[in-house]
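Hi,

Here's the structure I said I'd pass along. Have a look at it first, then read on for what turned up.

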Amino acid sequence: MNRRGIKWIVFFAGILMVLPIIFTVSVFLLPPQYDDTYLGEFMEKQERLEKTEGKKLIIAGGSSAAFGICSDLIEKHLKIQVVNMGLYAPLGSRIMLETCFDEIEAGDIIVFSPEQNQETLSFSFQAESVWQAMDGDYSKLCVFQESEQKQLLGAFPEFAVSKLKYVLEGKPKVSGIYRKSSFNKYGDISSDDRKSNQMPEGYDTTQLIDFSFFPEDKFIRYLNEYAARVEDKGAVFCYRFCPMNQEAVLNEESIDGWYERLAESADFTILGNPHTCVMESGWFFDTNFHLNEAGAIVNTYYFIRDIKAQLRDSTVTDIELPRMPGKTDQIVKGDNSDEDCFIYEKEGGSFVITGVNEKGRQKKELKFPQEHKGIKVSAIRVGSLKACVSLKTVKVYAGMALHDGCFSGCPSLQEIRLLGKPSEITAGRELLKGCKALLYTEYDEEYRLDYTWSVYADRIVK
């Protein structure tokens, strides 16, 4: 090998040696960059938990707990301090429970209220979200097990690069309800931006609520072991079903069987009746688990009654329940020029796209219409585009729900253009399954930090 070749090898070897140092400095020594985002609330919740002295009620879970509880009402009627630790399901249920454990004391009540899905009722977590949540204080990394640490390590370089970029260009610009400033001192979402149901169909058609699955035995064993550890501290661990949009429940008749199976497996108390947690769609906000302001009051009322029943407290829970708010109709603008390229099916009061016709299959660009025969088009079903082998670009307008896998089977698809804000286009957790396309939007920063869309952060470009 000549000298020039050796020099290039030394040069690249030097870069490979320096990069870990740059990444480490970016993450651990530079100031936090995500502290104003929705996930920035994680450390605020931890601080409140650490500073709260005396008997307390700790609520753990995903974002449904953040959107579904009015802690001030609980404190008033139960005379106990409340710390709402509910934040974001992809942080992982085990992680959320373990980060609370050291602060649990005798007399405390811990209520675990996870979303009814396989992600939350498992050991699943999203490493990138964990790094963002702990940005600035990494002391809670000690709760991660070896297998989880490997996952965190894999996401470390990407997080380091993103953080360094924000240090150089300025912190993420946050807007809407998904930001730290939307939380009150208890850890509840408290914002005027969630007055009513904003979902086009009244429920999120991409993330239906399923009672046909049951958590794996190892997860139930973990909850039992955690409950025993809590009991050893002189505290109590309870499970409560989270609020669920009735319109989104696939098999409500299976709830009783699911409850009975959990009761047989659990060495902890299950609070209340799961049917009480299945609420009409008018009480919800932007997902099948997020309550609007009025819905949170209703859920809190039943939450207090469930706790009182556990404590054998027969006092009246005197809370004036609000009226169910009317649905917010979104005014959306789109392009119906490709209306005659799709196959439709009527679902409720709207149409959903289930496929493409011969004309659509020949196109290299398709625009999802917002109306068909004067009636709203609300969703794109899985596999709708599987025959579009030449399709390169898709345009999606506000008010549309994109089902998981709806872009699968399009080998040439390169661009999915999102022509609306993240709150205006609904997507599931596996939207890009079987698809290599990138997501293009002028609201790229908002999408990367959005509650739902953040899982696709590495595929979002401007």
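This is a predicted model: local features need pLDDT of at least 70, side-chain atom pairs count only at pLDDT 80 or more; totals for chains, interfaces and linings use all residues.

On to the largest pocket, which has a volume of about 660 Å³. Its lining takes in 31 residues, and those nearest the centre are Tyr178, Asp286, Pro422, Ser423 and Asp450. Both β16 (426-427) and α12 (444-449) give at least two residues to that lining, with α12 holding the largest share at three residues. By class, the lining of the largest pocket splits into twelve nonpolar, ten polar and nine charged residues.

The second largest pocket comes in at about 550 Å³. There are 22 residues around it, and Asn117, Thr206, Gln207, Leu208 and Arg429 sit nearest its centre. Seven nonpolar, eight polar and seven charged residues make up the lining of this second largest pocket.

Something for your backbone checks, too. Most residues other than glycine have a negative phi. Lys79, not a glycine, has a positive phi of about 55 degrees. You'll find Lys79 in the loop between α4 (71-78) and β2 (81-84), and its relative accessible area of 71% makes it exposed. Lys373 also isn't a glycine and has a positive phi of about 55 degrees. Lys373 belongs to the loop between β11 (371-372) and β12 (375-380), and with 66% relative accessibility it counts as exposed.

Cheers

Note on methods:
Residues are numbered from 1 along each chain as its sequence is written. Side-chain values use heavy atoms; hydrogens and water are left out. Helices (H or I, at least four residues) and strands (E, at least two) are DSSP runs, numbered from the N terminus. Buried means under 20% relative accessible area, exposed over 50%, partly exposed in between (1.4 Å probe, protein chains only). On a 1 Å grid over the protein atoms alone, a cavity is a set of points where a 1.4 Å probe fits but cannot get out, and a pocket is an open set with protein on both sides within 12 Å along at least five of seven lines; lining residues have an atom within 4 Å of a point. Grid points are joined across faces, edges and corners, and a volume is the space filled by probe spheres set on the points. Ala, Val, Leu, Ile, Met, Phe, Trp, Tyr, Cys and Pro count as nonpolar, Asp, Glu, Lys and Arg as charged, and the others, Gly among them, as polar.
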